[in-house]
Amino acid sequence: MLHADLYYSFRSPYSYIGSWRYRALTKEYDLAIRVRPVYPIATRNPTFFDGVNPLWMGYLQRDVRRMAEFHGVSFGKPRPDPIVMNNETLEIAADQPFIRQLTYLGIEAERRGHGLDFCCEVGRDIWGAVEDWHLPENMSASVARAGLDLAEMEAAIAGNEAALEAEIADNQATEEAAGHWGTPCLVFEGEPFFGQDRIDMAVWRMKQRGLMAR
């Protein structure tokens, strides 16, 4: 069996769209993909949006919608956005309860062997425009679809915030050491494949290393 690491952000629409394809790879091939959640660029670099071209956001919104349609993935505007920000000024709030909890839960889901399932199912509610996806009753349902129990996961992460933050920081540092910083990024044998549009190329490389169908 081959192994790869997936650096994943719960605010990245491309990460969400790619998650279904990454999970499909683990079912088609003798391949294990470990999800290593990282914080989105918006929290790692709160001034990121200050310098982007004004055309960037419009193109991004168009591209992710057609990409989702192309791959047959449900997609819509998150309600609420996993990142708390002022959409007019693009100012990022200091307190980020949604993305912090999502990232913690993503780490716990991977520990329980359901990292990709969590990314797909919780992501489907976030990016599939389920209103108030963050409420306990909605999160419980999406987490259950991933084969997990939300109450058990929340109990496991409670009081362990320092260790979880350290793991997130280590994930970010490890990804950068592999040669990239964005998400989604699949790293195989030290080689980064950034973006869900590099999945086919990653498979091509893995087949060179002996990737076999199940």
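Which strands and helix do the buried residues of H9 pack against? I began my notebook with this, keeping in mind that the model is a predicted one.

**Entry on helix H9**

I looked up helix H9, which covers residues 199-208, and noted that its buried residues are Ile199, Ala202, Val203, Arg205 and Met206. Looking down the axis of H9, I found these buried residues within an arc of 160 degrees, so they line one face of the helix. As for my opening question, the buried residues of H9 pack against helix H1 (13-28) and against the strands E1 (2-8), E2 (31-37), E3 (185-188) and E4 (191-194). I also checked what comes just after H9, and there Gly210 takes a positive phi of about 100 degrees.

**Entry on the largest pocket**

I then turned to the largest pocket, whose volume is about 1200 Å³. I noted 37 lining residues, and of these Arg11, Pro13, Trp56, Met57 and Leu60 lie nearest its centre. The elements that give two or more residues to this lining are H1, helix H2 (41-44) and helix H3 (55-71), and the largest share, eight residues, comes from H3. Sorting the lining by class, I wrote down 20 nonpolar, ten polar and seven charged residues.

**Entry on the second largest pocket**

For the second largest pocket I recorded about 200 Å³ of space. Its lining has 15 residues, with Thr26, Ile33, Gly113, Gly115 and Leu116 nearest the centre. Here the elements giving two or more residues are H1, E2 and helix H5 (115-127), and E2 provides the largest share, four residues. By class I noted five nonpolar, four polar and six charged residues in this lining.

Key: Residues numbered from 1 in each chain as written. Predicted model: local features only at pLDDT ≥ 70, side-chain atom pairs only at ≥ 80, totals over all residues. Heavy atoms only, no water. Buried < 20%, exposed > 50% of the residue type's maximum accessible area, 1.4 Å probe, protein only. Arc of directions from axis to C-beta. Contact = heavy atoms within 4.5 Å. 1 Å grid on protein atoms, 1.4 Å probe; cavity = no way out; pocket = protein on both sides within 12 Å on 5 of 7 lines; lining within 4 Å. Points joined across faces, edges and corners; volume = space filled by probe spheres on them. Nonpolar A, V, L, I, M, F, W, Y, C, P; charged D, E, K, R; others polar.
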